[in-house]
Amino acid sequence: MSDGRLGREAHHETSKLSLEVTGTQLHLNLAHHEAASERDLEHASGSSNGTTPASAEVQPEVITYPEGGLQAWLVVLGSFSGMLAAFGQMNIIGTFQAYLITHQLAETSPSTVGWIFSLYVFLAFGCGLQVGPIFDRNGPRWLVFAGSVCLVVGMIGVSESTEYWHFILTFSILGGVGTSLIFTPAVGAIAHFFSRRRGAATGLAATGGSFGGIIFPLALQALFPRLGFAWSVRLLALIFLVILVIANVLIRIRLPPKVGGTVRPDFRILTDVIFSLTTAGVFFIEWGLFVPLSYISSYALANGVSMTFSYQLLAVLNAGSVFGRGIPGYVADKLGRFNTMIAAVALCLISVLGVWLNVGGSIAGLCVFAVLFGFASGSNISLTPVCVGQLCEPEVFGRWYGTCYTIVSMGCLTGIPIAGEILSVVDGDYWGLIVFTGMCYAAGMICFISARVLK
């Protein structure tokens, strides 16, 4: 009996001890849970107050780029197609200028006709102020689609135009807005796939505009006598439609939009001195660029060159531009983007003041100038994006690039009319507008050298 009683008492004590241990363990677990909850609350409170505990600091994510691959090169092909149409139209303004001042707008002064193309270029670059942030925030799809509609409808409208205001509405406004909606996403999308090889990829895509500048002037020159103005331009609109379908399918991005990004323009980025100098440099070279593009054909006609060859000169210039957009982009990846831009601008200056100013009616001299200037000026389009892209992150590239070209568009708006006015002041002699072009490139080179020194 006593042994049984002792066993029961031992069992009772053991159960009591077990309950005490279990209770203690439960108490410790509850205390641990409360402490963890307090830490979570403190973390949440600290986050809401904008502070982060040292142990919870997040390291910045390192962005990597494919630098190639099927998808990346398909994007380059899409950008090439978009620029083939958008910059193809930009590179045939000389053909339209020479045709209109002798046909539909023969009674209008050259400087007044020049406003059609200046307004077009102004809108093509100026709308980037808003297009760039929208691209950063929402991607390229709807921008490229809307731009395609504007380009095709605008070109169909040009075919029906007979009055000055018709061309302002169709070529200048619809064409200019359409070009801006296409080329900003076309350039910006490449920055999502390339960094180290961005210059080469952008240059390759930019050759699309040069090919358009070769094909379209020659096609229009051959079609105008056979089909007339209206049907020739309608055929051009059909070609635009086909190649823009490719651009709509292939242009895309891969990096997510920047957190907190908006579609509002932001001029505060101009407080970056290097960016401001780069923008000023682009302003001056674009101020001068469109003068030869617009007046090379009429210059040749005024110096006794045949009409056929005068129209073909623009194609020769754009043939040089094909190599000028591709080769400097590759070189820029090796020797530096700003270094290559400075060399290209210097070559533009030499070709304008050293060749064009003295060439007269020499066909050989005109060909030398067209090839040399075409090669050197081709970098204006292909190197500007990579220079700007070197100063910012890819998620905000559209905003920086758009802001740059919004300021540049002011020069594009005034460059051609100023050249036309200079031409009138010096009684039709072209030396004045040639010197103006040279001074623009000299100022641009100074700005790029300053940006390179400070960089």
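Student: Which residues form a nonpolar patch on the surface, and what is their accessible area together?
Tutor: In this predicted model, the nonpolar patch on the surface consists of Leu 227, Trp 231, Leu 235, Leu 238, Ile 239, Leu 241, Val 242, Val 245 and Val 249. Together these residues have an accessible area of about 820 Å².

Student: Does Leu 227 count as buried, partly exposed or exposed, and which helix holds it?
Tutor: The relative accessibility of Leu 227 is 43%. Buried means under 20% and exposed means over 50%, with partly exposed in between, so Leu 227 counts as partly exposed. Its place in the chain is within residues 198-250, which form helix 8.

Student: How many helices and how many strands does the protein chain have?
Tutor: The secondary structure includes zero strands. The number of helices is 15.

Student: What share of the residues in the protein chain is buried?
Tutor: The protein chain has 455 residues. A residue is buried when its relative accessible area is under 20%. The buried share is 52%.

Student: Which residues touch the most other members of the largest nonpolar core?
Tutor: The largest nonpolar core has 118 residues. Those touching the most other members are Phe 96, Phe 117, Phe 125, Phe 240, Phe 290, Trp 356 and Leu 433.

Student: With which residues is Phe 240 in contact, leaving aside neighbours within four places in sequence?
Tutor: Contact here requires heavy atoms within 4.5 Å. With those sequence neighbours left aside, the contacts of Phe 240 are Ala 85, Gln 89, Val 152, Met 155 and Phe 216.

Student: Do Asp 333 and Arg 337 each count as buried or partly exposed?
Tutor: Asp 333 has a relative accessible area of 23%, so this residue is partly exposed. For Arg 337 the relative accessibility is 13%. Because buried means under 20%, Arg 337 counts as buried.

Methods
Residues are numbered from 1 along each chain as its sequence is written. This is a predicted model: local features need pLDDT of at least 70, side-chain atom pairs count only at pLDDT 80 or more; totals for chains, interfaces and linings use all residues. Side-chain values use heavy atoms; hydrogens and water are left out. Patches are made of residues with over 30% relative accessible area and no salt bridge: like charges are joined within 9 Å, nonpolar side chains (Val, Leu, Ile, Met, Phe, Trp, Tyr) within 5 Å. Accessible areas come from the Shrake-Rupley method with a 1.4 Å probe; for residues, only the protein chains shown count as cover. A salt bridge is a side-chain nitrogen of Lys or Arg within 4 Å of a carboxyl oxygen of Asp or Glu. Helices (H or I, at least four residues) and strands (E, at least two) are DSSP runs, numbered from the N terminus. Buried means under 20% relative accessible area, exposed over 50%, partly exposed in between (1.4 Å probe, protein chains only). A nonpolar core is a set of buried Ala, Val, Leu, Ile, Met, Phe, Trp, Tyr and Cys residues joined through side-chain atoms within 4.5 Å.
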